[in-house]
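Here are my notes for your first look at this entry. Please read them with the structure open beside you.

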Amino acid sequence: MKDTSVIERHIMSVLVDNEPGVLARVIGLFSGRGYNIESLTVSETDPKLALSRISIVTSGTPMVIEQIKAQLARLVPIHAVRDLTEHDVAIERELALVKIINHGEERIEALRIADTFRARTLDSTLDSFVFEVTGNSSKVDAFVNLMRSLGSVEVARTGVSAISRGNNIDLEAK
Amino acid sequence: MPKSAPAAEDAGNSASTTTTMMPGAELLLKALEDEGVEVVFGYPGGAVLPIYDALFKNNKIKHILVRHEQAAVHAAEGYARSTGKTGVVLVTSGPGATNAVTGLTDALMDSVPVVCLTGQVPTHLIGNDAFQEADTTGITRACTKHNYLVKEGAKLQPTVIEAFHVAASGRPGPVLIDLPKDILMKEAPYQKDVIRAAATARYRPATEPDPAAISAAVDMMIRAERPVIYGGGGLINSGPRASKLLTDLVHMTGWPTTLTLMGLGALPASDRHFLGMLGMHGTYEANLTMHGCDLMLNLGARFDDRVTGLISGFSPNSTKIHCDIDPSSVNKNVAVDLAVIGDATKILEALIAEMKKRKFKPHKTSLDKWWSQIEMWRKRDCLSFNQTGSIIKPQHAIKRLCEMTADSDVYVTTEVGQHQMWAAQYFDFHLPNRWMTSGGLGTMGYGLPAALGVQVAHPGATVIDIAGEASFMMNMQELSTLSQYNLPVKMFIINNEWMGMVRQWQELIHGGRYSESYSASLPDFRKLADTFNMTGLVARSSDELEDVITQMLDTPGPVIADIRVAKEENCFPMIPSGAAHNDMLLGPEDQAEKPVSEEGMVLV
């Protein structure tokens with residue numbers, strides 16, 4: 001066994017039947033067994049087969065991570081579970097909508113930083129912007145923190161969505 | 001092939017000749033018949049009236065009317081565990097469903113295949129706080145293996161098929177189907193030659209073990225010098241053949257074998273390789289063998305905390321092989337060296353075949369040495385007790401019951417507490433499916449309704465509920481059911497006037513402050529039997545015991561035997577919470593010397 005005390009962050013992708021209650025089953029599993037959810041995103045990815053893909057960022061010891069995968073895999077509406085952090089580096093992206101309200105110099109600085117982060121301006125008034133920023137979570141964190149030092153900020157984040165690099169398919173329907 | 005939700009097959013374009021339309025309730029019963037259902041344990045109510053109406057006209061499915069929905073589930077569990085078939089429950093919406101929750105949780109913890117049908121308010125009222133509405137699928141999501149809310153008639157049949165498949169496949173468990181009343185009334189399509197493969201395709205747990213894992217397991221077994229086989233409920237759930245194969249394996253290897261509470265009967269208790277049950281109230285020899293072994297072969301057990309005690313002190317120097325059908329059981333409590341995922345029967349077949357292929361021979365010298373060590377432990381005779389004087393020792397009562405029924409095929413259920421552990425220790429089981437007890441959840445009140453279910457499945461058999469007086473009172477409304485169907489269950493009440501296990505913990509851990517654990521105002525159990533038209537017996541002293549047991553067994557109908565036993569007897573051996581296997585309390589003289597640690601006190 002690996003060192004059992006280190007807490008690791010893992011991104012998991014789960015392919016599920018898009019049916020009522022499936023998200024509650026997954027969330028109930030996490031809350032019932034005391035696992036962490038750092039973020040969770042879900043949307044239908046295959047309308048024809050009525051499949052949804054859930055991306056979950058969780059953390060725990062290697063034994064807990066193994067448990068999470070095994071517990072998820074035995075739920076009936078779950079087709080496949082893939083730990084994207086296990087073998088290779090996964091591509092992870094998160095989208096945030098950041099509204100900032102400020103004036104003068106700080107407003108210009110916000111725009112410049114947004115440019116550096118390749119954030120798009122989606123809306124503007126004379127004293128506010130709404131930026132769209134995409135990246136991994138740490139980039140989004142950095143951007144949000146910078147914005148906070150420049151005015152009143154409101155944030156909406158999607159949570160992490162992820163997929164593996166390379167030419168293999170992560171998850172297939174059974 | 002893509003798997004999909006239980007689909008309406010081609011029910012929509014139902015030009016197909018095999019499709020017939022019929023009311024949902026009738027379709028439901030037909031689908032149950034297709035699953036081979038013969039008995040349903042249930043209780044009617046508004047939302048399930050259409051089903052009861054259909055049952056009225058049905059002569060293939062027998063309905064047993066219980067007196068409380070919890071008991072319906074336990075009865076179905078008893079039926080399932082004594083037959084290997086899936087137990088079926090039928091209850092109404094709202095309180096009917098919420099009352100079933102304890103039973104469902106019990107079935108989940110002990111991996112018992114049960115399908116529970118609940119009524120629901122009509123679909124257009126769901127979410128409106130209608131009369132007897134409860135969010136049944138929401139409430140039972142955590143206490144079922146899977147559950148369904150059927151919102152379209154076309155999904156009724158495929159849902160029933162999938163539900164029975166899920167309940168019985170892989171690691172078995174309870175499955176619930178919530179049935180809105182309008183779905184039961186409206187016409188729905190029934191397909192005579194339904195393609196079952198399609199309806200069961202999305203749940204296919206692996207049952208065949210990986211040959212590489214089998215080979216690795218045999219490698220480890222060849223090297224073992226101080227081995228132990230640790231078998232659990234998975235052996236029972238896999239079917240009687242697993243128990244036969246286990247016996248073969250034990251005789252091939254000559255290895256010492258212990259069984260969990262759920263596994264009793266998988267190896268005949270009379271087998272000299274059997275060390276008794278292990279764990280908190282397991283035998284000295286079983287626990288020390290587990291502690292000192294160098295190879296542990298776990299077959300269908302899950303390293304429950306009642307078995308392991310203190311994890312850091314659990315069998316510290318052994319290589320562990322864990323064979324289980326449920327991958328989530330592996331490395332959950334105890335980190336193991338090798339996992340073999342599959343059905344116990346198939347794993348045992350593969351193991352034995354591989355061992356034969358490799359001409360497996362146990363290490364004679366080291367095994368002999370190991371056995372002589374184990375025999376030393378056995379000599380401690382940790383289950384000995386002194387039956388002197390007229391006060392009946394509870395251990396003696398159960399031991400005599402076992403001896404006096406030794407020649408017949410007996411089914412035993414229990415409630416939860418001291419009497420349960422004494423039954424596990426002193427009653428010998430020689431076959432699987434003869435022992436029904438609430439292990440994982442520890443549900444007081446399990447034994448009487450479970451015995452009811454067992455008796456329904458085996459009308460001619462001797463079925464005994466070894467009970468404690470406090471647990472017995474938790475579901476004793478079922479006496480009425482026994483009486484109605486004249487089910488000759490023998491209720492053997494170990495009556496010590498205490499919630500004995502609570503009292504024992506209060507004595508050992510809470511300074512003898514017996515807070516609320518006395519069973520005050522007990523009924524006269526003989527008169528209680530009388531009011532339900534059954535036989536009541538009482539044994540007040542040891543010289544009355546055997547007559548009472550004989551009478552109980554010879555009386556044709558149901559019998560309550562009130563066995564007044566020593567009031568303050570404790571259940572030993574005992575591994576206190578937070579202690580390891582080599583740190584057991586063997587009897588009262590040990591208690592003073594070994595106070596329970598503070599970490600131990602917070603454990604249950």
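**Notes on the interface and the cores**

1. Chain A and chain B bury about 1800 Å² between them, and carbon and sulfur atoms give 54% of that area. Keep in mind that this is a predicted model. Three residues, R25(A), V76(A) and K174(A), supply 34% of the area that chain A buries against chain B, more than any other three residues.

2. Next, who takes part. Chain A brings 19 residues to the contact and chain B brings 23 residues. The rule finds seven residue pairs in polar contact across the interface of chain A and chain B. On the side of chain A that touches chain B, α1 (22-32), α2 (62-73) and β4 (78-83) of chain A each supply at least two residues. The largest share, five residues, comes from α2(A). By type, the residues on this side of chain A are nine nonpolar, four polar and six charged.

3. Look for charge pairs across the interface. Three salt bridges are found between chain A and chain B. D326(B) and R74(A) meet through their side chains in a salt bridge (2.7 Å, N to O). A network of salt bridges links D17(A), E19(A), E162(B) and R202(B).

4. Over all chains, the search finds 39 salt bridges. D219(B) and R358(B) form a salt bridge, with their closest N and O atoms 2.7 Å apart. This pair links distant parts of the chain: D219(B) is in helix α9 (residues 211-223) of chain B, and R358(B) is in the loop between α14 (344-357) and α15 (364-379), 139 residues apart. D219(B) counts as partly exposed because its relative accessibility is 31%. R358(B) is also partly exposed, at 28%.

5. K393(B) and E569(B) make another salt bridge (3.0 Å, N to O). They are 176 residues apart. Is E569(B) buried or exposed? E569(B) counts as buried, because its relative accessibility is 15% and the cut-off is under 20%.

6. Now the interior. Nonpolar side chains tend to be buried together in soluble globular proteins. The largest nonpolar core here has 104 residues. M221(B), L246(B), I321(B), F492(B) and I563(B) have the most contacts inside it. Another core, of 45 residues, lies apart from it and includes V66(B), V91(B), A107(B) and V114(B).

7. Finally, check S329(B). S329(B) is in the loop between β13 (319-324) and β14 (338-341) of chain B. S329(B) counts as buried because its relative accessibility is 2%. Leaving out residues up to four places away in sequence, S329(B) touches R171(B), R302(B), H322(B) and D324(B).

Key:
Residues numbered from 1 in each chain as written. Chains lettered and ligands numbered in written order. Predicted model: local features only at pLDDT ≥ 70, side-chain atom pairs only at ≥ 80, totals over all residues. Heavy atoms only, no water. Core = buried A, V, L, I, M, F, W, Y, C linked by side-chain atoms within 4.5 Å. Buried < 20%, exposed > 50% of the residue type's maximum accessible area, 1.4 Å probe, protein only. Helix = DSSP H or I, 4+ residues; strand = E, 2+ residues; numbered from the N terminus. Contact = heavy atoms within 4.5 Å. Buried area = accessible area lost by both parts, 1.4 Å probe. Salt bridge = Lys/Arg side-chain N within 4 Å of Asp/Glu carboxyl O. Polar contact = N/O pair within 3.5 Å; in protein donor to acceptor, adjacent residues only side chain to side chain. Nonpolar A, V, L, I, M, F, W, Y, C, P; charged D, E, K, R; others polar.
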